[in-house]
Each structure stands twice: as structure tokens, then as C-alpha cells.
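Please keep the viewer open as you read.

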Amino acid sequence: RRNVAGGAGAPRRVLLFDGVCGLCDHFVNFVFRRDTRACFHFAPQQSDIGQQLLTQFGAPHDLSTVVLVDERNAKFYVRSEAVLRVCSSSA
């Protein structure tokens with residue numbers, strides 16, 4: 001997987017997920033296999049970088065959903081909006 005590393009660089013789209021949720025893990029694997037252009041990076045919400053991004057973007061610290069953080073436009077998306085944006089970008 002393309003894990004998120006700290007530090008400056010090009011703006012990223014980061015999919016934050018519950019690192020202990022089996023369904024979330026399957027979704028991340030599904031996205032990773034289809035993300036042939038390497039559009040996304042992945043990090044558990046429980047990780048230091050996950051917590052940092054959630055706080056930085058004002059996103060909810062809610063393990064019941066996935067969060068897409070888009071550094072390109074300084075926005076975040078949750079639940080179905082995040083999933084739809086990920087799926088439409090991976091096609």
C-alpha cells in the first residue's frame with residue numbers, strides 16, 4: 001500500500017480508515033488494486049498521521065466511517081461522499 005509519510009511534498013488524496021475494521025480493510029484493498037494511477041494514499045485513522053490530518057482539516061474523529069482528505073483543495077469528505085469520490089477517481 002501507499003502509506004502516508006510525514007513531511008512536505010505534493011498535495012495528496014488520503015483515504016483514512018478504521019485500522020481494525022475488516023470491512024474497511026477490504027475497501028482499502030479494493031481501492032488499492034484498482035488505483036492504477038496511484039491517486040490515493042492510505043492511513044488508519046488511529047495512526048499519528050491519521051489523527052494529524054483529521055485535526056488539521058477539521059474532519060470528525062469518527063471510526064464508523066471512511067474519510068477522504070484532499071490536500072489539493074483543502075477539503076475532506078466522509079461516508080458515501082468519500083466512497084463515491086474514491087470510486088469515481090479510481091475508474
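## A buried aspartate and its partners

Let's begin with Asp70, which counts as buried at 4% relative accessibility (buried means under 20% relative accessible area, exposed over 50% and partly exposed in between, with a 1.4 Å probe and protein chains only). Its side chain meets that of Arg72 in a salt bridge, 2.8 Å from N to O; the term stands for a side-chain nitrogen of Lys or Arg within 4 Å of a carboxyl oxygen of Asp or Glu. Arg72 itself is exposed, with a relative accessible area of 51%. Asp70 also has a bridge partner in E4, namely Lys75.

A word on the basis: this is a predicted model, where local features need pLDDT of at least 70 and side-chain atom pairs count only at pLDDT 80 or more, while totals for chains, interfaces and linings use all residues. Residues are numbered from 1 along each chain as its sequence is written, and side-chain values use heavy atoms, leaving out hydrogens and water.

## Salt bridges across the chain

The count of salt bridges comes to four. One of them joins Glu71 to Arg12, with the closest N and O atoms 2.9 Å apart. Glu71 sits in the loop between strand E3 (67-70) and strand E4 (75-78), and Arg12 in the segment before strand E1 (13-17), so this pair ties together parts that are 59 residues apart in sequence. Helices (H or I, at least four residues) and strands (E, at least two) are DSSP runs, numbered from the N terminus. Arg12 is buried, at a relative accessible area of 14%.

Asp62 and Arg79 form another salt bridge, their closest N and O atoms being 3.2 Å apart. Asp62 belongs to the loop between helix H2 (48-57) and E3, and Arg79 to helix H3 (residues 79-90), so to speak distant parts of the chain, 17 residues apart. Arg79 is partly exposed, with a relative accessible area of 46%.

## The sheet

Four strands make an open sheet in the order E2-E1-E3-E4, with mixed pairing; two strands pair if DSSP finds at least two bridges between them. Strand E2 (40-44) and E4 stand at the edges with a single partner strand each, so one side of each has no neighbour in the sheet. E3 and E4 pair in the antiparallel sense over four bridges.

## Two alanines with positive phi

Most residues other than glycine have a negative phi. Ala74, in the loop between E3 and E4, has a positive phi of about 55 degrees, and Ala74 is exposed at 55% relative accessibility. Ala38 lies in the loop between helix H1 (22-34) and E2, with a positive phi near 55 degrees; Ala38 is partly exposed, at 39% relative accessible area.
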